[in-house]
Amino acid sequence: MPGDASLAKLFRDFGQRWEIERVERGAEWVACRRNGSFVDIIGARDLGALRYRMDEAEREEATERAAD
């Protein structure tokens, strides 16, 4: 998976928009973002995968906004 697996860098890059925490069961890491009237929730087993999925979610949202 591409991206930096550093927790500090993840918080620096996404901390203003996402809440990130480690969970004990299931996915290792979960990130939540309040987005209007709904919540985006992303889970991943490691920080690199979490970063990748958060990047994808933000790119997808930007593409949808540009299409409107």
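Student: If angles under 35 degrees count as roughly parallel, over 145 as roughly antiparallel, 65 to 115 as roughly perpendicular and the rest as oblique, how do helix 1 and helix 2 lie to each other?

Tutor: The axes of helix 1 (residues 7–14) and helix 2 (residues 47–67) cross at roughly 15 degrees and come within 10 Å, and the two helices are therefore roughly parallel to each other. Axes here are lines fitted to C-alpha atoms, for helices over the stretch in contact, with angles running from 0 to 180 degrees between N-to-C directions. This is a predicted model, in which local features need pLDDT of at least 70 and side-chain atom pairs count only at pLDDT 80 or more, while totals for chains, interfaces and linings use all residues. Residues are numbered from 1 along each chain as its sequence is written, and side-chain values use heavy atoms, with hydrogens and water left out.

Student: Left-handed or right-handed crossing?

Tutor: The crossing of helix 1 and helix 2 is left-handed, meaning that the near helix is turned anticlockwise from the far one by less than a right angle.

Student: And which residues make that contact?

Tutor: Helix 1 contributes L7, K9, L10, D13 and F14, and helix 2 contributes L47, L50, R51, M54, D55 and E58, where contact means heavy atoms within 4.5 Å. These residues divide into 6 nonpolar, no polar and 5 charged.

Student: Switching to the sheet, what's the strand order?

Tutor: The sheet is open, with 3 strands in the order 1-2-3 and antiparallel pairing; strands pair if DSSP finds at least two bridges between them, and helices (H or I, at least four residues) and strands (E, at least two) are DSSP runs numbered from the N terminus. Strand 1 (19–22) and strand 3 (38–44) are the edge strands, each pairing on one side only, and the twist from one strand to the next averages 20 degrees.

Student: How many bridges join strand 1 to strand 2, and how many join strand 2 to strand 3?

Tutor: Strand 1 and strand 2 (residues 29–35) are joined by 4 bridges, whereas strand 2 and strand 3 are joined by 7. C32 of strand 2 is the bridge partner of E19, and C32 also stands opposite I41 in strand 3.

Student: What's in the turn between strand 2 and strand 3?

Tutor: The two strands form a hairpin with 2 residues between them, and G36 in the turn has a positive phi of about 70 degrees.

Methods: Nonpolar A, V, L, I, M, F, W, Y, C, P; charged D, E, K, R; others polar.
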